[in-house]
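Here is a short report on a predicted model.

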Amino acid sequence: MEHCTRPAADNHDVIQVRGARENNLAAVSVDIPKRRLTVFTGVSGSGKSSLVFGTIAAESRRLINETYSAFLQSFMPSLSRPNVDSLRNLTPAIVVDQERMGVNSRSTVGTATDAYAMLRVLFSRVGTPHIGGPGALSFNLAEGMCLTCEGLGRVSDLDLHAMVDVERSLNDGAILVPNFAVGSWYWQVIVGSGLFDPDVKLQDFTPQQWDDFLHKPATKVKVGTNTWTYEGLAVKVRRLFLAKDQEVKQPHIRAFVDRAVTFTTCGDCDGTRLNAAARQVRVAGRTISECAATQLSDLAEFLGELTDPSVAPLVGNLRETVDSLVEIGLGYLSLDRESATLSGGEAQRVKMVRHLGSSLSDVTYVFDEPTVGLHPHDIARMNELLLRLRDKGNTVLVVEHKPETIAIADHVVDLGPGAGAAGGRICYTGDVAGLRRADTPTGRHLDHRIALRERFRRPTGHLPIRGADRHNLRNVDVDLPLGVLTVVTGVAGSGKSSLIHGSLPGRDGVIVVDQSPIRGSRRSNPATWTGLLDPIRTAFARANGVKAALFSANSEGACPTCKGIGLVYTDLAMMAGVASVCEECEGRRYTAEVLTYRLRGKNISEVLAMSVAEAREFFPTGAARDVLDRLDDVGLGYLGLGQPLTTLSGGERQRLKLATHLAGQAAVYVLDEPTTGLHLADVDQLLALLDRLVDAGNTVIVIEHHQAVMAHADWIIDLGPGAGHDGGRVVFTGTPADLVAHGDGLTARHLRAYLGR
């Protein structure tokens, strides 16, 4: 094992970490060179994120928060210091992760990157007719927005039958809207208004009563000695539920909105969000709405044709931003694309471009698997942007598994050798050449290649797709073979997800296992979501002669202070909320009484703190062991039983969902990039699992870019040839051997290079 030479204490050219013990880190000490690109590697659960995010980035954030005024700090709970002996020479850290870019429907790719702001300035300066400053072209300001849809581009309509049961009276519970049940405050205002007889069925209301019941604007009404404000039901529902973005609503409210509300394109602005005056302004024959809706690769060409010297610097900056989005593989997007609709990988790349245009330097940028969702062709472009960030004088820290990105590192920190208790140690630090020689899981697998199959499985039938035209698909006809492993691939934006997710879900026997968030609250974890907690609670109850409900953190045994979550969440309004460990139960989630009950020497909190691998040894047989075996089969042996689902990555969520389906009957499994978050060594385990699924009589269809999965497939469907309107076609179908021998697209070239052909 090679280590960096420990520098003198006054060496400010390295970030010094001494004695880091967050999560499974075993008193890690390491020096990380500043203003260099360092890649952190290791198997899943080895401690990479604990070191980079939980220690270095967390301490930087804590120290920055301490610089806020005393007034601001009074609203913020103090962040705990990471469990580390010392950290020296930190710079401000900016985490560029895969979290969605908020759910504000007013946020678009253009607003998130400032590209739309620059476009507004351009149109306000040289556009004709001139209607005012940049604000006159903003859909977020009253002077520029369409007043009908208030700058949203769409209007909502309410389904009356989802709101009321007309065959019932108000007293019989005719209102079906959440929080309007009989006896509730809102119900009392409606009944107390005196506008209706609460015992009359709604279908017997007069036309005037219907109008008052649904659409009457806010009106003061006298109820006894009190004066209340009455609003029609539709008016109040719009104000209470539709003025907020979907994801900030409570689950039952969100479910109601999904049921009762339909959104249609605004007829007045045709979805452009702007008023009539703003829609008339043109530059070189185009309106700002047309520019915002244009695919970015085409917008870059349009900007290149603008030659007015008065706006040359502005156009240059705008062109640089748009070119960066194209270079990073997002040329198929448009500036008017809502931020909330971007995938995690797309959101991370948009954030990266935003920082590329920043005037800040000597910053530490922290990336979490920036290659997620990228075809090998796009990874090369991502690497260029990482190097550009470094070359601006920044420290770039990247948690990554892909060998293409590891290869460009100035420095590598390899953690492991295993996961959980078997990891948390530095196995290697140094350059990439040294990593290749190192006897670590990463070093051994860095140049590992999966060979093509010697024999390809023969299909047992076909699943036809006909005339697929979702998004950029061009009336695609394709047959998906049954009984084999099929990989659907192509560059980002080529139409893979549109083809599969737009055609297969809902068909008999098709199980879609994707990376979308798992419905559940902060208190949900792998044990509760998989049903594993039920046999665990039963075992504790039998061993102690008490009720099983005591061992549920959602029931009788929950800590009353944190309600069984183990954390206390503080909402900081406009800033990100902060979670702190519950002082009452010290994060153990249960009451002191419950923690006195033991099963083979362990209390319920200690069992839920186990990893899947540890729990398999603790539960050698029975229903609990069956669930644990399935979790281990999908590569989640390192996952904590009580780890909140909100902390899982997209790849971990997908594998958790897959584990719940493994005990079912034969089916067609659709997996979306299952290699996300997997170390090179773990990919072999995934391929073995996919083989077992197929050999058991299932069909497996995988949307994937990883060359190892392509090489291992029985059949490949390649979409492209490019992204956006340059894609949407099937450019190849056949075996991987046929693709390597005869294909001429980007996928074929990269697969040949992977195989050394």
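How do the residues of the lining of the second largest pocket divide into nonpolar, polar and charged?

## Basis

This is a predicted model, in which local features need pLDDT of at least 70, side-chain atom pairs count only at pLDDT 80 or more, and totals for chains, interfaces and linings use all residues. Residues are numbered from 1 along each chain as its sequence is written, and side-chain values use heavy atoms, with hydrogens and water left out.

## Second largest pocket

The lining holds 12 nonpolar, six polar and five charged residues. Here Ala, Val, Leu, Ile, Met, Phe, Trp, Tyr, Cys and Pro count as nonpolar, Asp, Glu, Lys and Arg as charged, and the others, Gly among them, as polar. The pocket has about 330 Å³ of space. Of its 23 lining residues, P403, E404, R449, Q707 and Y754 are the closest to the centre.

Helix 15 gives the largest share of the lining, four residues. Helix 16 (403–406), helix 26, helix 27 (707–712) and helix 29 (746–755) also give two or more residues. Helices are DSSP runs (H or I, at least four residues) and strands likewise (E, at least two), numbered from the N terminus. A pocket is an open set of points on a 1 Å grid over the protein atoms alone, where a 1.4 Å probe fits, with protein on both sides within 12 Å along at least five of seven lines; lining residues have an atom within 4 Å of a point. The volume is the space filled by probe spheres set on the points, which are joined across faces, edges and corners.

## Nonpolar cores

The largest nonpolar core has 69 residues. A core joins buried Ala, Val, Leu, Ile, Met, Phe, Trp, Tyr and Cys residues through side-chain atoms within 4.5 Å. I536, I604, F619, L641, L690 and L751 have the most contacts inside this core. Helix 26 (residues 680–695) gives the most to the core, with seven residues. Apart from it lies another core, of 68 residues, including V39 and L446.

Leaving aside neighbours within four places in sequence, L751 is in contact (heavy atoms within 4.5 Å) with Q707, M710, A711, I716, L739 and V740.

## Helix 14

The buried residues pack against strand 5 (93–96), helix 3 (109–113), helix 13 (312–330), strand 12 (364–368) and helix 15 (376–391).

## R279

R279 is found in helix 10 (residues 276–280). R279 is partly exposed, at 23% relative accessible area.

Note on methods:
Buried < 20%, exposed > 50% of the residue type's maximum accessible area, 1.4 Å probe, protein only.
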